[in-house]
Amino acid sequence: MSLNLTDITLTYPDGDSRLTALDNVTLDVPKGSLAAAIGPSGSGKSSLLAVAATLITPDTGTVTIDGLPTTGMSRGELTDLRRHKIGMVFQQPNLLPSLTAAEQLQVMAQLNGRSPAKARTRALDLLDAVGLADLAGRRPHQLSGGQRQRVNIARALMNKPTVLLVDEPTSALDHERGAAIIDLITRLTHQQATATVLVTHDRTHLTAVDRIAEVHDGRLLHPAQS
Ligand SMILES: Nc1ncnc2c1ncn2[C@@H]1O[C@H](COP(=O)(O)OP(=O)(O)OP(=O)(O)O)[C@@H](O)[C@H]1O
């Protein structure tokens, strides 16, 4: 299945009126495919990601994850859905300073009730997939910025999410490391069969992504095509 945003409109309070952050946005991202949402500051990219993550409820429209429409779900149901079906990668890795790379990942799976042994196996497999097999025992301060972001990406995949949402993952990295991170996210999207949305303001990295959706003033100018 996939991620489907259908006719999404989102407004925020703005003095006496309301500001339209997303204006009738429709975006379908199949499993195993990556849509890059690109646009200038304030165009609505973060709002799009927050709606897709079910962290903000839109004024109108439907978010469907893995075939499940989220409209009308209770807060508890949404928390459960996020925990099992959505992986998120933010600009800054926000790793726990006292945990090793493997432990950062294991914690995620154990919170979801997976056995420690299975969690360890998946953590080591994912660290291998992001090129950090040899650094599983390192703590965040013993890793470079790019390596920390790789741990962050592996952590988001721990619970085998349907949907992977990635917010400006290269903002703290130089060009070369940034390009490597986008390549990695593209490869993992195919390998782990996630429906991935990557938000960025920088199109220089976007040579290999499946589709580009341009966000301008809350509208998708070029809706992503298959
Ligand atoms: N909580 C809020 N309350 C009111 N207005 C908001 C709120 N969050 C965002 N906005 C406004 O909504 C619009 C879209 O913001 P959003 O953060 O989605 O843009 P963005 O494309 O992610 O920007 P950036 O690239 O700078 O992060 C902007 O005009 C912003 O000022």
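Which residue just after helix 1 takes a positive phi? The views below of this predicted model lead to that residue.

**View 1. The whole chain, from end to end.** The secondary structure comes to 6 helices and 10 strands. Along its principal axes, the C-alpha trace spans about 50 × 40 × 35 Å. The radius of gyration is 17 Å, which agrees with the value near 17 Å that a compact globule of 226 residues would have. Of the 226 residues, 40% count as buried. Among contacts with a separation of 6 or more, 71% join residues 24 or more positions apart.

View 2. In general, strands of a sheet pair through backbone hydrogen bonds.

**View 3. Strand 1 beside strand 4.** Strand 1 covers residues 2-14, and strand 4 covers residues 60-65. The two pair in the antiparallel sense over 5 bridges. Look for T6: its bridge partner in strand 4 is T62.

View 4. Helix 1 is mostly covered, with 6 of its 8 residues buried. These buried residues are K45, S47, L48, L49, V51 and A52.

**View 5. The residue just after helix 1.** Here is the answer to the opening question: T54 takes a positive phi of about 60°.

Conventions: Residues numbered from 1 in each chain as written. Predicted model: local features only at pLDDT ≥ 70, side-chain atom pairs only at ≥ 80, totals over all residues. Pairing = 2+ DSSP bridges. Helix = DSSP H or I, 4+ residues; strand = E, 2+ residues; numbered from the N terminus. Buried ≥ 20, exposed ≤ 12 C-beta atoms within 10 Å, placed from the backbone. Rg over C-alpha atoms; globule rule 2.2 N^0.38 Å. Contact = placed C-beta atoms within 7 Å.
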